[in-house]
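Student: I would like to learn how to read a fold from its coordinates. Can we work through one case together?

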Amino acid sequence: MPTQIFKKSTPCADITTLPKLGLGKKDFVADFKRYYSHRLGRDQNCRSPHYAYEALSLAISDRLVERWKKTYNTYRETDCKKAYYLSMEFLMGRTLSNAMLNLGVTDEVTQAMYGLGLDIEELIESEPDAGLGNGGLGRLAACFIDSCATLQLPVTGYGLRYEYGMFTQAIINGEQVERPDHWLKNGNVWEIERPEYTVRIKFGGKVVEAIDDKGSKKRMWIDTHDILAVPYDTPIPGYQNGTVNTLRLWKATATEEFKLDEFNAGAYAESVAAKNTAENISMVLYPNDANENGKALRLKQQYLLASASLQDIVANWVGRHGNDFTHFAEKNCFQLNDTHPSVAVAELMRLLIDEHGLEWEDAWKIVQQTMAYTNHTLLPEALERWSVGLFQSLLPRVMEIIFEINAHFLAEVSNRWPGENDRLARMSLIEEGHGHKHVRMAYLAIVGSFSVNGVAELHSQLLQEGLFKDFYELWPEKFNNKTNGVTPRRWLAACNTELAEFITESIGDKWITDLSELKKLEKFLDNKKFCKRWYELQQGAKQKLIDYKKTEHDIDLNVNALFDVQVKRFHEYKRQLLNVLHVIHLYDRIKRGDTENWTDRCVLIGGKAAPGYYMAKRIIKLINNVSEIINTDPDVGERLKLVFMPNYCVSAMEKICPGADLSEQISTAGKEASGTGNMKFMMNGALTIGTLDGANIEIREEVGEDNFFLFGLTESEVEATRHHYDPMGIIAQDEDLQRVINLLESGHFNQCEPGIFDDVINSIKSSDDMWMTIADFRSFVDAQKRVEAAYQDKDRWTRMSIINTANSGKFSTDRTIQNYSDEIWKLKAMNVK
């Protein structure tokens with residue numbers, strides 16, 4: 001429902017023509033004062049830094065919008081091919097500091113604010129994290145769109161504008177307590193509402209057969225309960241290149257905001273019921289889907305994203321080309337970020353057939369030439385599955401199309417492997433069993449896409465050999481690998497400015513857009529002055545982390561201790577539990593007086609557990625209880641500290657990763673798809689202790705085995721051990737492990753809370769432990785001893801740190817996105833004038 005702005009007149013060409021905005025100190029001072037005083041109505045008596053943050057952000061945003069419009073016009077005038085990145089998550093974090101960096105105005109703005117008596121760091125800290133993601137998936141999407149703009153690729157991100165992001169985590173009595181994260185309570189200065197591009201989304205209703213204008217039979221979806229999807233656009237600037245791409249987020253609203261007749265009749269709640277029901281769809285990131293209402297809401301979210309985004313793109317096409325879709329596939333490509341948006345395959349079919357009159361074969365050809373699917377998990381239970389009953393109730397026409405896609409697909413499979421009914425059942429898009437039918441959304445994505453990629457070499461290999469083996473045998477040409485990365489702008493240049501400046505002084509600034517340039521740092525490995533400065537900068541970053549943590553914890557950390565960090569989403573396969581078992585082992589050594597040649601250590605752990613994930617929340621409680629005992633024991637002193645860092649988020653990671661010495665990447669081999677935290681730590685000079693899992697393998701290849709602390713079973717060893725796994729036998733043969741288990745079972749860490757860790761203890765002692773925590777304990781302890789030996793040699797550790805940073809070039813999202821563009825999207829970089 002585009003809004004007609006001008007009905008009786010045509011705007012003159014100069015209606016939006018303004019003088020170019022300056023980028024100097026005086027320019028920012030003038031604009032800041034104007035926004036602060038006139039737009040926000042504040043004066044010198046205002047004591048909140050939030051309004052100063054808003055005024056500065058509006059001034060920065062003006063410069064972005066100027067470049068944003070030029071980028072849009074460049075893409076439109078050249079009619080270039082475009083890609084669209086569909087993701088349920090965009091974990092953007094804060095925008096201000098990144099926008100200043102990419103505009104190249106950090107120094108000018110800092111000086112401008114200083115001249116006004118304002119601290120730029122305080123203003124940056126006033127911005128709430130845009131918590132539109134759960135972890136690595138959403139942060140990867142944010143890094144990707146940053147790199148697309150830096151590489152000047154015409155890519156638009158599509159997501160949902162959640163009113164409440166990932167919950168705020170509080171720790172009360174050692175327990176995780178979830179609180180709402182209302183990140184939009186003060187609005188979002190960076191976004192622009194675009195109501196003229198609002199689209200209508202259908203739910204419910206029924207499908208009937210009708211006769212169209214040409215006398216042909218046509219399936220019609222009628223009697224639907226509709227909502228509106230309103231887009232909000234956020235500018236995504238490239239690094240100092242004039243390109244500003246778009247992140248478009250959809251908000252769900254009612255078709256009728258307010259029913260006046262019901263209000264006047266006294267039915268006040270009913271008068272706004274439709275509005276509230278519609279807005280619930282985009283209210284919360286990942287509603288708890290433990291019940292049917294939660295499942296329905298989550299499916300609605302996924303369909304809202306897919307349908308609104310595709311309608312937007314198709315409407316833009318029709319506006320320029322009419323109903324001629326002959327060249328649509330040549331000009332458009334859709335990247336599905338994991339399985340969540342995979343309903344887009346069927347929805348594009350619906351739009352092309354039902355709304356634009358294409359025949360099935362023509363529409364399916366377009367779908368298979370435009371859809372590409374990225375898988376992010378090796379855990380079968382993490383793949384989206386929806387009950388057919390729920391799907392038919394909410395999306396009856398889409399379900400019909402999925403049934404037809406499946407029929408055509410199974411005919412192809414049957415033709416390839418005649419009589420193999422077991423294979424047909426395995427590959428069907430509809431899973432049948434125990435009286436229930438489910439739609440396998442990952443399979444729909446594979447069938448409808450021309451490209452299917454994993455996100456690390458091992459992950460992609462395991463997809464082909466395991467989870468998607470049947471599909472790989474049918475279509476090996478579809479499958480490929482695109483190892484993940486992170487953006488060096490946010491994760492080194494912006495978050496570790498002193499180290500970044502030192503690197504630039506040493507090798508120039510090309511590394512900011514070509515991270516392989518960091519390889520030049522290796523020529524300084526034998527330069528004592530360089531290594532001394534590198535060590536001092538690492539120590540300085542650790543002190544900043546200590547100062548940051550002091551605001552949350554009344555605890556003194558020793559800057560000379562080994563900073564051993566594990567921050568990530570809590571899940572049993574990520575094995576935060578193995579980490580705390582090692583901490584208990586170190587505590588036991590101290591209590592027994594086994595401290596000869598000791599290395600002081602501060603273990604920092606952070607991350608959130610899903611609200612319904614009982615075991616992960618028990619492990620958080622265990623960590624906090626162990627922390628309380630260790631940190632208050634005078635026998636331990638500075639030898640060992642354990643700190644749980646609450647409410648881990650993007651802005652917290654920006655402070656944590658520069659101050660880490662050791663990066664814990666200790667997942668059960670074969671379970672982590674890639675990981676990106678490992679890359680952020682490596683880029684900032686931390687050393688990795690890890691299993692041969694995910695991108696750890698490639699990190700080790702890049703830095704060399706002597707600069708990586710490897711431990712644990714390999715993926716093949718895990719699978720070989722699984723059928724005869726005997727944790728009790730392992731415990732019986734390891735005295736250190738016996739003492740750790742005894743401390744747990746004796747209630748030493750829960751003396752006033754008997755039995756609260758029984759489930760955790762029983763899980764690691766069980767032969768059914770999927771994550772084989774005990775199996776890797778001895779290897780982990782031995783690897784940690786090698787860490788200690790290396791850390792005690794300051795020169796050796798500094799050298800290893802430099803080598804890690806120098807070899808992190810592969811793990812830039814610039815490289816990843818260039819691979820996507822060259823091998824999947826086939827885009828051309830567009831120089832914005």
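Student: Which strands does helix α17 lie across, and at about what angle does it run to β17?

Tutor: First, the ground rules. This is a predicted model, in which local features need pLDDT of at least 70, side-chain atom pairs count only at pLDDT 80 or more, and totals for chains, interfaces and linings use all residues. Residues are numbered from 1 along each chain as its sequence is written, and side-chain values use heavy atoms, with hydrogens and water left out. Helices (H or I, at least four residues) and strands (E, at least two) are DSSP runs, numbered from the N terminus. Axes are lines fitted to C-alpha atoms, for helices over the stretch in contact; angles run from 0 to 180 degrees between N-to-C directions. Now the case: helix α17 (residues 441–448) lies across β15 and β17, at about 40° to β17.

Student: In what order do the strands of that open sheet come?

Tutor: Strands of a sheet pair through backbone hydrogen bonds, either parallel or antiparallel. Pairing here takes at least two DSSP bridges between two strands. The order is β15-β17-β16, with antiparallel pairing. β15 (385–387) and β16 (430–433) each have a single partner strand, so one side of each lacks a neighbour in the sheet. The twist averages 30° from one strand to the next.

Student: How many bridges join β16 and β17?

Tutor: β16 and β17 (residues 436–440) pair over 4 bridges. Isoleucine 430 has valine 439 in β17 as its bridge partner. Helix α15 (residues 396–416) also packs on the sheet, touching β16 and β17, with its direction at about 90° to that of β16.

Student: Which residues does isoleucine 402 contact?

Tutor: Contact means heavy atoms within 4.5 Å. Leaving aside neighbours within four places in sequence, isoleucine 402 touches Ala346, Phe391, Leu429, Ile430, Val439 and Leu444.

Student: How many residues are in the largest nonpolar core?

Tutor: In soluble globular proteins, nonpolar side chains tend to be buried together. A nonpolar core is a set of buried Ala, Val, Leu, Ile, Met, Phe, Trp, Tyr and Cys residues joined through side-chain atoms within 4.5 Å. Buried means under 20% relative accessible area, exposed over 50%, partly exposed in between (1.4 Å probe, protein chains only). The largest core has 120 residues; Phe391, Ile402, Ile405 and Trp825 have the most contacts inside it. Helix α10 (residues 292–321) gives the most to this core, with 11 residues. A second, separate core of 60 residues includes Tyr587 and Leu713.

Student: How many disulfides are there?

Tutor: A disulfide is a covalent bond between the sulfur atoms of two cysteines. The test is a pair of cysteine sulfur atoms within 2.5 Å. The count is 0. For cysteine 657, the nearest cysteine sulfur, that of cysteine 495, is 3.9 Å away. Cysteine 657 is buried, at 0% relative accessible area.
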